[in-house]
Amino acid sequence: MSAAPSDQYAFGDPRSRYPDVSPEPQTQEEPGLQSQMTPVPDLGESSYRGTGRLEGRKAVITGADSGIGAAVAIAFAREGADVVLAYLPEEQSDADHVIEQVEAAGRKAVAVPGDLRDKAYAGQLVERAVAELGGIDALVSVAGKQRWQPDLLDITDDQFEATFDVNVFGLFRLVKAALPHLQPGSTITTTASMEAYKPAPDRLDYAASKGAINNFSKGLSQLLVERGIRVNVVAPGPTWSVLQPSGGVDPESLPEFGSSESPMGRAAQPAEQAPAYVFLASQESSYVVGETLNVNGGMVTP
Ligand code: NAD
Ligand code: MG
């Protein structure tokens, strides 16, 4: 695991908070296992210190087995939330590590593996949350699909459809399934990307889907604020996760990952994304609605 600070509040130079990862070129089949990466990303296991900011909350988190979603699940549990963890069945071993962390925090971890492309899955996720957590008041959509291709002609119709099916249609179905259960005070937090504003030419379908998520979330925030439900977005910049070595980026570009793009001079660790999700779900952000919180090391957005 990458070296981590003693806790997320430890003061210091952000540039050297984590080392520049400079990963060796490496590849895995999609969706990949984080446990097989070199180095393994930091989910905040040894550093995230909760202070009761989500006490008693009931969260559904997608993509919760690895990377950003896993760091969010650990942070939410340490802040006092019970969580439903959504991920693909083949990611069970990564999920087991996160479930262990949630339970060690003294919170409930309800594992509901499944595929967001399956139209029945969103309903099943929400049903399990209602049955086992007694409801749902924080929906956190982190799951995402990203495949790099050198040229537009290399993007098949199947890939384009699959990217939108997971990233956009999956989110739509999830919100629809959860909405009847959300009460005033509930939050929906989605995950866009720097790519929503500055699309990379080798992932046009992905970048477009992230633009759609950002736009959908802002519109949704206007609809739901009238019901006391707050919708916000986190837009991560380059973050070391298994998304990259499992086909998300050109493997040859990995040694430079994050260090050339971000003014911070390094990629983020998933542990550095989690506090943004905690903030947007907690009541301390009560007047924050329809916002996109960029966590990207200084890549300025409109
Ligand atoms: P990750 O691979 O660890 O997490 C992505 C997760 O998406 C997987 O673990 C998987 O559970 C889920 N997923 C993918 N396809 C699915 C499907 N068909 N059904 C159900 N679940 C599915 O990578 P990550 O970097 O932590 O990604 C989390 C989110 O952050 C994604 O939405 C990604 O687009 C976004 N993001 C990541 C970066 C980055 O640099 N890592 C930058 C900007 C945005
Ligand atoms: Mg995963």
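Modeller: Keep in mind that this is a predicted model. The shell around ligand 1 is made of 14 nonpolar, eleven polar and four charged residues.

Biologist: How many residues surround ligand 1, and which are the closest?

Modeller: There are 29 residues around ligand 1, and the closest are Asp65, Ser66, Glu91, Tyr206 and Ser241.

Biologist: What distance separates an oxygen atom of ligand 1 from the side chain of glutamate 91?

Modeller: An N or O atom in the glutamate 91 side chain is 2.6 Å from an oxygen atom of the ligand. In lysine 210, a side-chain N or O atom is 2.9 Å from an oxygen atom of ligand 1. For serine 241, the distance from a polar side-chain atom to a ligand oxygen atom is 2.5 Å.

Biologist: And how much of ligand 1 does the protein bury?

Modeller: The protein buries 95% of the 810 Å² that ligand 1 exposes when taken alone.

Biologist: Which elements give two or more residues to that shell?

Modeller: Helix H1 (67–78) and helix H5 (204–224) do.

Biologist: Let's stay on H5. What span should it have, and what does the model show?

Modeller: H5 has 21 residues, so at 1.5 Å a residue it should span 30 Å. Its end C-alpha atoms are 30 Å apart, which agrees.

Biologist: Which residues of H5 are buried?

Modeller: They are Asp205, Tyr206, Ala207, Ser209, Lys210, Ile213, Asn214, Ser217, Leu220, Ser221 and Leu224. As background, an α-helix has 3.6 residues a turn, so residues three or four places apart point the same way.

Biologist: What do the buried residues of H5 pack against?

Modeller: Their partners are helix H4 (157–178) and strands S5 (187–191), S6 (230–236) and S7 (292–295).

Biologist: Take one residue from H4, alanine 162. Is it buried or exposed?

Modeller: Alanine 162 counts as buried because its relative accessibility is 6%, and the cut-off for buried is under 20%. Setting aside neighbours within four places in sequence, alanine 162 is in contact with Arg117 and Lys145.

Biologist: Now S7. Where does threonine 292 sit, and what does it touch?

Modeller: Threonine 292 is in strand S7. Not counting residues up to four places away in sequence, threonine 292 touches Tyr197, Asn214, Lys218, Val233 and Ala235. With lysine 218 there is a polar contact between the two side chains, at 3.0 Å. Threonine 292 is buried, its relative accessible area being 7%.

Biologist: What is phi at serine 22?

Modeller: Phi of serine 22 is near 40°, a positive value in a residue other than glycine. Serine 22 is also placed in the segment before S1.

Biologist: Why mention either of those features?

Modeller: Because most residues other than glycine have a negative phi, and most peptide bonds are trans.

Biologist: And how exposed is serine 22?

Modeller: Serine 22 counts as partly exposed, at 37% relative accessibility.

Note on methods: Residues are numbered from 1 along each chain as its sequence is written. Chains are lettered from A and ligands numbered from 1 in the order in which they are written. This is a predicted model: local features need pLDDT of at least 70, side-chain atom pairs count only at pLDDT 80 or more; totals for chains, interfaces and linings use all residues. Side-chain values use heavy atoms; hydrogens and water are left out. A residue is near a molecule or strand if one of its heavy atoms lies within 4 Å of it. A polar contact is a pair of N or O atoms within 3.5 Å; within protein, one must be able to donate a hydrogen and the other to accept it, and residues adjacent in sequence count only if both atoms are side-chain atoms. Accessible areas come from the Shrake-Rupley method with a 1.4 Å probe; for residues, only the protein chains shown count as cover. Helices (H or I, at least four residues) and strands (E, at least two) are DSSP runs, numbered from the N terminus. Ala, Val, Leu, Ile, Met, Phe, Trp, Tyr, Cys and Pro count as nonpolar, Asp, Glu, Lys and Arg as charged, and the others, Gly among them, as polar. The expected span of a helix is 1.5 Å times one less than its number of residues. Buried means under 20% relative accessible area, exposed over 50%, partly exposed in between (1.4 Å probe, protein chains only). Contact means heavy atoms within 4.5 Å.
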